[in-house]
Amino acid sequence: MFKNTFQSGFLSILYSLGSKPLQIWDKEAVNGQVKRVHDDDIQSNVLEIVGTNIPSTYITCPADPAATLGIKLPFLVMIVKNVNKYFTFEIQVLDDKNVRRRFRASNFQSMTRVKPYICTMPLRLDEGWNQIQLNLGDLTRRAYGTNYAETLRVQVHANCRLRRIYFSDRLYSEEELPPEFRLYLPMQKQ
């Protein structure tokens, strides 16, 4: 999808305020739903993924199962709200040995397990809104001893609220981020 696109800085694949936030995504919702809702904490529209069965309620990018993202930027950043329910997401990458690897993070997992093609890891979310940052280059190297080449697919399962998902060439401080990439929380009234 982005393989022949010049990639530097930031590359956003989901933004909840866009006219069609799921334009390049496919969604599956069995006993659940994927919809845009207003979040009171940040006074903004966000994408909500909720379901009773986590594996069968998700969004996946790219929408075409045969296509790949082709994103070479090694840092994945997700702005996600903890809704105090089980939640998981998965990133599929290609390494320099041309092997597809998956990284799955879940808030119901207690330990990291590395298997030949999937690495599952625990995810701890704070109350409310969180910024999840994954260094895919470092994860690939530490889990498999190979080098990260590109991201092929991103899948986000129930249960969460999403503001934005983007890739970047490095980690940026809050001050360096473009305004639309920051998560503004309203000022507390005195």
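Predicted model: local features only at pLDDT ≥ 70, side-chain atom pairs only at ≥ 80, totals over all residues.
1. Local features are given where pLDDT is at least 70, side-chain atom pairs count only at pLDDT 80 or more, and totals for chains, interfaces and linings use all residues. Residue numbers start from 1 along each chain as its sequence is written, while side-chain values use heavy atoms, with hydrogens and water left out.

2. The secondary structure comes to one helix and 13 strands, in the order β-β-β-β-β-β-β-β-β-β-β-α-β-β from the N terminus; helices (H or I, at least four residues) and strands (E, at least two) are DSSP runs numbered from that end. The radius of gyration is 16 Å, close to the 16 Å of the globule rule for 190 residues, so the protein is as compact as a globular protein of that length; this radius is taken over C-alpha atoms, and the rule is 2.2 Å times the number of residues to the power 0.38. The C-alpha trace spans about 55 × 40 × 30 Å along its principal axes.

3. Buried residues make up 49% of the 190, where buried means under 20% relative accessible area, exposed over 50%, and partly exposed in between (1.4 Å probe, protein chains only).

4. The largest pocket has a volume of about 160 Å³. Of its 13 lining residues, T112, M121, P122, L134 and L139 are the closest to its centre, and the elements that give two or more residues to the lining are β10 (118-122), β11 (128-135) and α1 (136-144). By class the lining divides into 10 nonpolar, one polar and two charged residues, with Ala, Val, Leu, Ile, Met, Phe, Trp, Tyr, Cys and Pro as nonpolar, Asp, Glu, Lys and Arg as charged, and the others, Gly among them, as polar. On a 1 Å grid over the protein atoms alone, a pocket is an open set of points with protein on both sides within 12 Å along at least five of seven lines, a cavity is a set where a 1.4 Å probe fits but cannot get out, and lining residues have an atom within 4 Å of a point. Grid points are joined across faces, edges and corners, and a volume is the space filled by probe spheres set on the points.

5. The structure holds one cavity of 30 Å³ or more, and the largest cavity has a volume of about 50 Å³. Strands β11 and β13 (160-168) each give two or more residues to its lining, which has six nonpolar, three polar and one charged residues.

6. A105, in strand β8 (residues 100-106), counts as buried at 5% relative accessibility. Leaving aside residues up to four places away in sequence, A105 touches F87, T88, F89, M121 and L123.

7. Most residues other than glycine have a negative phi, and most peptide bonds are trans. A cis bond joins C61 and P62, with omega about 5 degrees, and the bond from A158 to N159 is also cis, with omega near 10 degrees. Phi is positive at Q43, near 50 degrees, and at N98, near 65 degrees; Q43 is exposed at 52% relative accessible area, and N98 is exposed at 62%.

Definitions and conventions
Contact = heavy atoms within 4.5 Å.
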